[in-house]
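Please have the coordinates open while reading the solutions.

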There are 2 protein chains.
Amino acid sequence: MTVTIDINENIQKKNNEYAALNRQAFSSYRVFNMIGSPGAGKTAILERTAGILGDELAIIEGDVKTDLDAQRIISFGSQSIQIETGGGCHLNAEMVKDAVDRLDLSRVRIIVIENVGNLVCPSAYDLGEDAKVAVISLPEGDEKPRKYPALFMRVDLVLINKVDLRDVLAEYDLDRVREDCLKINPSVRVLEISAKTGKGFDEWMEYLTKEK
Amino acid sequence: MTVTIDINENIQKKNNEYAALNRQAFSSYRVFNMIGSPGAGKTAILERTAGILGDELAIIEGDVKTDLDAQRIISFGSQSIQIETGGGCHLNAEMVKDAVDRLDLSRVRIIVIENVGNLVCPSAYDLGEDAKVAVISLPEGDEKPRKYPALFMRVDLVLINKVDLRDVLAEYDLDRVREDCLKINPSVRVLEISAKTGKGFDEWMEYLTKEK
């Protein structure tokens, strides 16, 4: 058991060294680490974001398998590079460094790293980002902040996506989610958005593009 | 790197020893390991299942934090025990053994283990179950089998939940999901259900209760 912990410490130490390198390389960009369940709508949000920000935005896509998501983003007008973790349940800073080295950052101001769909493991790894953004969505149910506090205490912003489904999912208690987020993390910001209708995207753009 | 792999092998070896013990202890019961994203509706399915099967069913609930789900199940009429993994992203066979030891199995015929909400890590750990069941849902999008093949190749049954939302999520391609599942796993069974309306529950009950 002790051995396992030592190994984990070594993994974290190595990760933090790469995260520090990334943070230096990222000094001229705003960089976000986006974390949410599979199907919360992270890629759909980034498609619409790519359609607005175009070549000012670059997206690093993390998935266990396939480059479906990077292909989706590119068709909307931003650069995108896929990291396939090959079974790994989260991105680490070294994977991100390798991906960033392959991006052309000459016109880029904002980089979003879409982590592997998972509310647990990704929250424990610093990728060198400026801020973590959580994405949750109405169909998932309104108890997610309480069930996954380790994520919500580490994020700067929570996007509640798919608010266009509010009428058919009337049991989802938006006020409770907001209260739970603030209880876990009093400085967090919570935004209601819809990648389908564009609701909330003015505020999301304002958040992404504000000066560092 | 080699060291990490050795440690993982030891973890798997220890897990498999406990899984073998569980399998012996489970010989008179039908035992299922249910895996899906956070918010796919695993607990909602089990609530309705508890309402039908009552004390013939016992449910082991895995969550990172809180015993909200076990409380939900008990109110529907079946026994339930919560395992809080305290940050862990999946259940292991030892946790399940400890939980089973606390159940009263005198009237029980079926045990469902609801794993931590996660499509990646839980699929790698044998808990001693008879079969793994994947739960996906319409709002998550229809590319999940292709993105998480390591799970779908290991399951006996895929439940596609929230089909009551079919009208508002007309873009979800049920045929494609079914085809992708069968391409990855030719012997898998796929059922469309709704924990909200009860659609598909006759077939789900038939699956759960058939003789071992």
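## Exercise 1: The interface

Task: state how much area chain A and chain B bury between them, and on which atoms.

Solution. In this predicted model, chain A and chain B bury about 2700 Å² between them, with 64% of that area on carbon and sulfur atoms. In terms of residues, 37 of chain A are in contact with 37 of chain B. Turning to charged groups, the count between the two chains is six salt bridges, and one of the salt bridges in the model joins the side chains of A:Asp69 and B:Lys147 at 2.7 Å, N to O. On the side of chain A that touches chain B, two or more residues each come from helix H1 (2-25), helix H3 (68-74) and helix H5 (144-147) of chain A, and H1(A) gives the most, with four residues.

## Exercise 2: The symmetry

Task: find which rotation superposes chain A on chain B.

Solution. A rotation of 180 degrees, with 0.0 Å of shift along its axis, superposes chain A on chain B with an RMSD of 0.0 Å. The two copies are thus related as by a two-fold rotation axis. Moreover, 100% of the interface residues of chain A are also interface residues in chain B, so the copies meet through the same surface.

## Exercise 3: The core

Task: identify which residues have the most contacts inside the largest nonpolar core.

Solution. This core has 50 residues, and those with the most contacts inside it are A:Phe152, A:Val158, A:Ile160, B:Phe152, B:Val158 and B:Ile160. Leaving aside neighbours within four places in sequence, B:Phe152 is in contact with residues including B:Ala134, B:Ile136, B:Val158 and B:Cys181.

Conventions
Residues are numbered from 1 along each chain as its sequence is written. Chains are lettered from A and ligands numbered from 1 in the order in which they are written. This is a predicted model: local features need pLDDT of at least 70, side-chain atom pairs count only at pLDDT 80 or more; totals for chains, interfaces and linings use all residues. Side-chain values use heavy atoms; hydrogens and water are left out. A nonpolar core is a set of buried Ala, Val, Leu, Ile, Met, Phe, Trp, Tyr and Cys residues joined through side-chain atoms within 4.5 Å. Buried means under 20% relative accessible area, exposed over 50%, partly exposed in between (1.4 Å probe, protein chains only). Contact means heavy atoms within 4.5 Å. Copies are superposed by least squares on the C-alpha atoms of residues with pLDDT of at least 70 in both. Buried area is the accessible area (1.4 Å probe) that two parts lose on being put together, summed over both. A salt bridge is a side-chain nitrogen of Lys or Arg within 4 Å of a carboxyl oxygen of Asp or Glu.
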